[in-house]
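Reader: Please guide me through the reading of charged contacts in a model of this kind.

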Amino acid sequence: MERRRELSARYWFECQCLACSKNWQLLDALPKDPGFKDEKVEKVENFMAKGDVSNALNSLIPKLCETDVSQEPTEEFIRLEDKLRTCINNFGSIILPNNK
């Protein structure tokens, strides 16, 4: 309810996404998973710090695909999704050559 109320007040629509439909908690109330922090996550953070977006993406995507997205996510999962958005945004309007 709180998620839909915030989205409705900010964007003037009633969201029908999975998180709103299942009434998932907001980020600060999501369950924590201290075991989620692993070697791949540290690599992603190192790649991002160096501006190596391509390698960060190649590490992030498999890690995110390990999680069942039909279940309420952990805070750590949402933060990894945010890192993915940051990486994608950092590509900007770069056109990558086809390596075939």
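Reader: Which residues are linked in a network of salt bridges?

Author: Side chains of opposite charge can pair when their charged atoms come close. A salt bridge here is a side-chain nitrogen of Lys or Arg within 4 Å of a carboxyl oxygen of Asp or Glu. Lys32, Glu75 and Arg79 form such a network. This is a predicted model, in which local features need pLDDT of at least 70 and side-chain atom pairs count only at pLDDT 80 or more, while totals for chains, interfaces and linings use all residues. Residues are numbered from 1 along each chain as its sequence is written, and side-chain values use heavy atoms, with hydrogens and water left out.

Reader: How many salt bridges does the rule give?

Author: The count is 5. One of them joins Lys83 to Glu45 at 3.7 Å, N to O. Lys83 lies in helix α5 (residues 75-91) and Glu45 in helix α3 (residues 39-50), so this contact ties together parts 38 residues apart in sequence. Helices are DSSP runs (H or I, at least four residues), numbered from the N terminus.

Reader: What separates Asp82 and Arg85 in helix α5?

Author: These two residues are 3 apart, about one helical turn, and their side chains meet in a salt bridge of 3.6 Å, N to O.

Reader: Is Lys63 buried or exposed?

Author: Buried means under 20% relative accessible area, exposed over 50%, and partly exposed in between (1.4 Å probe, protein chains only). Lys63 is buried, at 7% relative accessibility, and its side chain meets that of Glu66 in a salt bridge (3.4 Å, N to O). By contrast, Asp82 is partly exposed at 41%.
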